Amino acid sequence: MDFEKMLHYRKASNAFANKMGICVEEIAEGYARVTKTVQEDEINPGGTTHGGVCFTLADIAAGSASTTHGHVSATVNASYQYLNACYAGDTLTAEAREIKSGRTLCVYEVSIKDQNNKHIGQGTFTFFIKEQKLNI
């Protein structure tokens, strides 16, 4: 697998990630790192980052890692724990690591930290690996 081509593919083909300001920084076998700077319009009424922003960041990290198998994949289950608040202007980094690689199901642990290395959240994401190969 050519991970440079995969990185370019993920950056160019994920319109939702691009809309959310999420950038895939690195892809390797069973691994991905993505980043995002939280915007003012992503803050909830309590003054902190909306939980959906963090969950989306984690899901895109795990989804990017799952593509290293060379096939289309889809999230089938996810669990995410919010550990600390983050705020507008914070830069978040999510790292996904494969903890189980199967023929049709793969599981990823995702950790999100801010620019000060504060642990913002973590999750476990399960992906279904489809038969359809990626056109990269």
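The report below takes up a helix, then the salt bridges, then a surface patch.

This is a predicted model, in which local features need pLDDT of at least 70 and side-chain atom pairs count only at pLDDT 80 or more, while totals for chains, interfaces and linings use all residues. Residues are numbered from 1 along each chain as its sequence is written, and side-chain values use heavy atoms, with hydrogens and water left out.

**Helix H1**

Helices (H or I, at least four residues) and strands (E, at least two) are DSSP runs numbered from the N terminus. Helix H1 spans residues 3-13, and its buried residues are Met6, Leu7 and Arg10. Viewed down the axis of H1, these buried residues fall within an arc of 100°, so they line one face of the helix. The arc is taken from the directions between the helix axis and the C-beta atoms. Buried means under 20% relative accessible area, exposed means over 50%, and partly exposed lies in between (1.4 Å probe, protein chains only).

On the face of H1 turned away from the buried side sit the exposed residues Glu4, His8 and Ala12. The cover over the buried residues of H1 includes strand S1 (23-28) and helix H3 (51-66), where contact means heavy atoms within 4.5 Å.

**Salt bridges**

The whole structure holds three salt bridges, each defined as a side-chain nitrogen of Lys or Arg within 4 Å of a carboxyl oxygen of Asp or Glu.

| Pair | N to O distance |
|---|---|
| Arg33 and Glu26 | 2.4 Å |
| Lys36 and Glu42 | 2.9 Å |
| Arg97 and Glu95 | 3.6 Å |

Lys36 and Glu42 are both buried. Arg33 counts as partly exposed at 24% relative accessibility, and Glu26 is partly exposed at 32%. Arg97 is partly exposed, with a relative accessible area of 45%, as is Glu95 with 26%.

**Nonpolar patch**

Val76, Leu105 and Phe128 form a nonpolar patch on the surface, with about 250 Å² of accessible area together. Accessible areas come from the Shrake-Rupley method with a 1.4 Å probe. Patch residues have over 30% relative accessible area and no salt bridge, and nonpolar side chains are joined within 5 Å. Leu105 belongs to strand S5 (residues 105-113) and counts as partly exposed at 38% relative accessibility.

Key
Patch = residues over 30% accessible without salt bridge, like charges linked within 9 Å, V, L, I, M, F, W, Y side chains within 5 Å.
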